[in-house]
Amino acid sequence: MKRFYDKLLATAFVLILGAFSGQLQAQKHDCGTHDLFEHTQDPQMLRTYEQAETEYREYLKTPRRSSVVRTIPVVVHVVQSSNHNLVTMEDIQSQIDILNEDFRKITGTPGDGQGVDTEYEFCLASIDPNGCPTDGVVRVVDPQLAYHDRNVAQATMKGASQWDPYRYLNMWVPRVIDTQSSQGGEVIGYATFPNNLGIQTNLDGVVIHSGFFGRFSNQQYQGRTGTHEVGHWMGLFHTFQNGCQGASSTTCTVQGDRVCDTPQAIEPNYNCPSGVNSCTDTPFDNDDQIDNYMDYADGVCQSQFTAGQKDRMDFFMINFRGQLIAASNTAATGCDGSMSPGCTPRADFFAENEASCPGQLIQFRDNSFGPATSWNWSFAGGTPNTSSMQNPTISYANPGTYGVTLEVTNAFGNDTETKSGFITVAGPINPPIAEDFDASTSLPIDWTVLNPDLATTWEVAAGVDPNGGNAIKVNNYIADEFGAFNEGSNDDLITQAINLSNATEAFVTYERCYKRFNPTTLDTLRLAVSTDCGDNWTQVKEATGLDLVTVAGFSSAFEYVPNANSAWVTDTVRLDSFVGSGTVKLRFRVTSGAAQSVYLDNINLGFVAVSSAEAANSIWSLNVGPNPFTERLEVRYALAKPAEMEFSITDLTGRVLHSVALGRKAPGNHVARIPSATLSSLAPGVYFLRADSPLGTITRKLVKTN
């Protein structure tokens, strides 16, 4: 977050809403104004525009001025990259307050300037289009839409949540508007015009960059981006529209901003200048109106709409948005204090553990909206397989993938939600485990990723391991750079259950890589173990700060990508206290410091096993020595009955380095020597000797020294 807001504060806020584009207006840096016809070639839109302007000039002959205050119901769509509520209800209410201060010219507020009370006020809707209660806020969690590109994703973002634009002012607040203006500046907001409502209904509304939304987002501008954009949505142009055109009493309604009491400006005014007179107005030559909301001066020096701008708003609101400001709609949206009588519920649910083990209890949670008064659950393969409880607890006896259905009902109706393949139940696998992530571009299918904030999480990083293969990472650098603000969030990677019931020793090794963003901003990697399929966890390793660092120095200008074998270190963690369990899971957790990417590779779980034959100690036994060894190793074993014997040596990944079949051996004591050539070819490290026979299998850990 620090890096993101430093970037915003370092950028001059120039409310350069480029020219009327027929479809929308965009705030840009250092942008000249552009006429409608430079941006819009659609014949229908051009005809609608020309007809509206003709009718507007007729309206000005006898404007319908009154003291009636018209209410505009608002719904705010917060388009987030994660479940962190980066735009709070306090932020949203502050933006509504600012709109009312500015459009109503409320005494004692920053909106009480030299202009007029436009007699429009704004209200967060309390009844949604279905007649259900609402707080007037819709939260859409989608990282792709939250990093909004107006040029390629406008219809997609708006289509994900738009309410009826004939009844509500839709305001979208993406995390970032990732769009550059034609002049190369950053776009921080845009709006559609009223006369396009019937042509591009699906696009109607206002979009504001979250860094400029509400009173608390930026103290220099104080939420006036919203006032400026809503002015466009109500039909206003910039005061500098078309430069000095429209600066005379005979041209002021047909050129420029089409408003006669706003002096024309040849170009946008930035900051808070004084005494600027960039155009010669007739019959009276006035300075540029720096304090007008439709110029680009800083919000701290904006404070007025003029009477002429109010007339233009009235024309467009009455003729194009009449249903929205009608008293009947004020009541239907709850903006007159009306309460929702109730509505049909909408079914939804979640489970506290979607990846389970056979027999494990799973807590299901009703997440329906309505509210519901009765619940009818169906659990294919579950025990029980139906429930009428609101939040039932279910188990599954057998491995597999299972769907879940919930039907909810109240006095107004019912609704059903089915989620196919929602629950995955997997039995434990036998060790050893060796995962180098090279076999696929996705994570292992039986492993689980928990990403509660829905920001960046565990993913495969191609070509970054010491041998040019894949690794995995959590990219906390890009998440923060583009505004996801995942600082403090946890991203978990959990293995499937592992059977250590026959092990006497166990350990896990993994390689990691990390370079710091700066001296103070750090991420954390933790390893935890569960013996009850993930219900409870025991932390066994933590690396943060300098303990996590594997590469010296800092990388603050770009995401660090491993580029050398020396960038990686190997951790080895003993798991002896967890042996004997048949459902061991490992959890790798990255806690974000909004800093840099954390990399992992070559996760291997090794063990020393005791077969059922050895446990009985009545059929055969085996010893290996010396251990640790250098270039001599003997295997001594005793058989209670004849058996075919085979020995093999493997590395931590399970790769066989040496094997020998000894054939059928008689009962009694035997000695087998591993060839010195084989032993000398082994690098110092940890290996396993595996002895196989019809009597059972015995595994011993070996340590090779220099």
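I count two cysteines as a disulfide when their sulfur atoms lie within 2.5 Å. With that in hand I looked up Cys272 and Cys301, and they are joined, S to S 2.3 Å. I keep in mind that this is a predicted model.

**Entry 1**

Is Cys272 buried, exposed or partly exposed? I got 39% relative accessibility for Cys272, so I put it down as partly exposed.

**Entry 2: the other disulfides**

How many disulfides does the structure hold? I found 6. I then numbered the bonded cysteines of the protein chain in sequence order and wrote down the pairing: 1-9, 2-10, 3-7, 4-5, 6-8, 11-12.

I picked Cys132 and Cys343, whose sulfur atoms are 1.9 Å apart. Their link is right-handed, with 120 degrees about the S-S bond. The pair connects distant parts of the chain, 211 residues apart: Cys132 is in the loop between β3 (120-124) and β4 (137-141), while Cys343 is in the loop between α10 (327-332) and β10. How covered are the two ends? Cys132 comes out at 1% relative accessibility, so I call it buried. Cys343 has 4%, so it counts as buried too.

I also looked at Cys357 and Cys533, joined with an S to S distance of 1.7 Å. The torsion here is about 80 degrees, so this disulfide is right-handed. Cys357 lies in the loop between β11 (355-356) and β12 (362-366), and Cys533 in the loop between β26 (524-530) and β27 (538-544), so the pair ties together parts that are 176 residues apart in sequence. I have Cys357 as buried because its relative accessible area is 3%. Cys533 is buried as well, at 4%.

One more cysteine went into my notes: Cys513 is at 1% relative accessibility, so I marked it buried.

**Entry 3: helix α7**

Just after α7 I came across Gly235, with a positive phi of about 110 degrees.

I followed the chain on to Asn242, which is in the loop between α7 and α8 (307-320). Asn242 has 15% relative accessibility, so I count it as buried.

**Entry 4: a sheet of 4 strands**

Next I traced an open sheet. Its order is β10-β12-β16-β14, and the pairing is antiparallel. Why is one side of β10 and of β14 left without a neighbour in the sheet? I saw that β10 (349-351) and β14 (382-383) stand at the edges with a single partner strand each, so one side of each has no neighbour there. For β14 I looked at the pairing with β16 (residues 393-396), which is antiparallel over 2 bridges. Gly382 has Tyr396 of β16 as its bridge partner.

Last, I turned to strand β33 (residues 634-639), where Glu634 is found. Glu634 has 13% relative accessibility, so I have it as buried. Which side chain does the side chain of Glu634 meet in a polar contact? I found Arg673, at 3.0 Å. Setting aside neighbours within four places in sequence, I listed the contacts of Glu634: Asn623, Val624, Gly625, Val671, Ala672 and Arg673.

His670 is in strand β36 (residues 668-673). A polar atom of the His670 side chain lies 2.7 Å from the backbone oxygen of Ala666. Not counting residues up to four places away in sequence, I noted that His670 touches Val635, Arg636, Tyr637, Leu639 and Lys665.

Notes:
Residues numbered from 1 in each chain as written. Predicted model: local features only at pLDDT ≥ 70, side-chain atom pairs only at ≥ 80, totals over all residues. Heavy atoms only, no water. Pairing = 2+ DSSP bridges. Buried < 20%, exposed > 50% of the residue type's maximum accessible area, 1.4 Å probe, protein only. Polar contact = N/O pair within 3.5 Å; in protein donor to acceptor, adjacent residues only side chain to side chain. Contact = heavy atoms within 4.5 Å.
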